[in-house]
Amino acid sequence: MTRRTNAARGRDRFGRLAVLGLAIAAVLLPGCGADESIIAGDEVERVVEPEASEVITVWHTYSDVETRTFEQEVIPAFEAEHPDIRVLSVKHAYEYFKGSLIAETTSGAGPDVVRMDIVWLPEFARLGLIDPIDTYPELPGVTKRLLPSALESGKYEGRHYGLPLNINTKAAIYSRELLRKAGLEKPPETMDELVALAERTGYQLGVNGINTWAVLPYFVGLGGQLTNKDYTKASGYLDGPASARAVHTLRRLIESDIVSGDVLSGKLERWQAVQDGKLLMMDEGPWYYTILANVEGYDYARLKRDTLLAPFPHNPGTKGSIIGGENLVLMRNSRNKQAAWTFMKWMTDVEAQRLMFKTGLLPTNAEASDSKETYSPTIRPYVESLDASFLRPPVANWAKIDQAFNEMFERMLHGRVPVEVGLGQLAKQIDEWLEE
């Protein structure tokens, strides 16, 4: 089973609208397409295949809020411009998505286009399950309108395989009440300041588990390094003195209950706890405010009154938060590649990017990023954090590195393995995977 990212868990936490067995009594006239059942995880929807010259199937893991915008606004806008192409949207649960996609595509089936987690792209490229897109003559014109930092997430071994669709990072969300009680008018800017504040007051930090998505921002913000800049070597970086100091600091925070077991395990609900003044700070993506704003009956005014959003803190000379996001990729088995490519290009243009921006997904299109909406109070800190954020290594063996990191950090942070010993073993193992 594929590990679910905390980002995906956060986006789907509230407002889940299950689509359960829509009974559509359709009278099929001669020449109409047969009705077809789409099953994605536990969601079933009856649809009628549209009449069109070409039909492309798009698999994705959009949240419920994002899916509504995608299906009710984005797809109709695309089909209005391209009446000979119909888009079939299939929503999947993140937990099972990767395994299902590999199984379908290796058997010769599967979708035409996939909205794919950026960390999966190198693995799918190496397996030969997605097509490089640098053979399309329009690619240079498309990439000119996209953010350079986002473009890197779509490359593998120097070739373009994905078009960056949306990008995200995590910002810091503080309890205004606890900042006030600590005598602060503004939140900490560095990780050292944040740690000192938490240890002085005893206020807890909302680190959401021991895994790369949750821990890397703190590890890197405290000076730790996973690999060199070229992602070719971990020894000398992951097992270096700065990395050891970062892990020792994290271990100290856990031992002193500044980072509590209830938060790490998910027993304490971070989203509500920071608003209630039970957590000094938590980190979360831009979907936090967007999702809660769309929950019927939720006191959104109180949320904004009780929380303070700020760029993720990091020490001088280090990077801040982690970069996440999704690329659109063209599947090798697609039978409608030109239509699929047309859709991929359109999704990175201004109209589609601005429509999805309303759901909290940060656009990769430079013009859409300059929209006035970018400067809303609940988006600005994320945009400001992007330049100081970092990518996870875009390597084919990332899944192995991710699992080994999570397991070793669990042991080190709970005192079952000495920090220096654990980092040395982990760096050596990662070196082997980076060389493959």
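Visitor: Which strands does helix 15 lie across?
Guide: This model is predicted. Helix 15 (residues 337–347) lies across strand 3, strand 4, strand 5, strand 8 (162–169) and strand 13 (323–330). Helix 15 runs at about 150° to strand 13.

Visitor: What is the order of the six strands in the open sheet?
Guide: The order is 4-3-5-13-8-14, and the pairing is mixed.

Visitor: Why do strand 4 and strand 14 stand at the edges?
Guide: Strand 4 (85–91) and strand 14 (362–363) each have a single partner strand, so one side of each has no neighbour in the sheet.

Visitor: What makes strand 3 and strand 4 a pair?
Guide: Pairing takes at least two bridges. Strand 3 (residues 54–60) and strand 4 have seven, in the parallel sense.

Visitor: Which strands does helix 2 touch?
Guide: Helix 2 (residues 64–81) packs on the sheet and touches strand 3, strand 4 and strand 5 (113–117). The direction of helix 2 makes about 175° with that of strand 4.

Visitor: How do you know that the span of helix 19 agrees with 1.5 Å a residue?
Guide: Helix 19 (residues 398–413) has 16 residues, so it should span 22 Å. Its end C-alpha atoms are 22 Å apart, which agrees.

Conventions:
Residues are numbered from 1 along each chain as its sequence is written. This is a predicted model: local features need pLDDT of at least 70, side-chain atom pairs count only at pLDDT 80 or more; totals for chains, interfaces and linings use all residues. Side-chain values use heavy atoms; hydrogens and water are left out. Helices (H or I, at least four residues) and strands (E, at least two) are DSSP runs, numbered from the N terminus. Contact means heavy atoms within 4.5 Å. Axes are lines fitted to C-alpha atoms, for helices over the stretch in contact, and angles run from 0 to 180 degrees between N-to-C directions. The expected span of a helix is 1.5 Å times one less than its number of residues.
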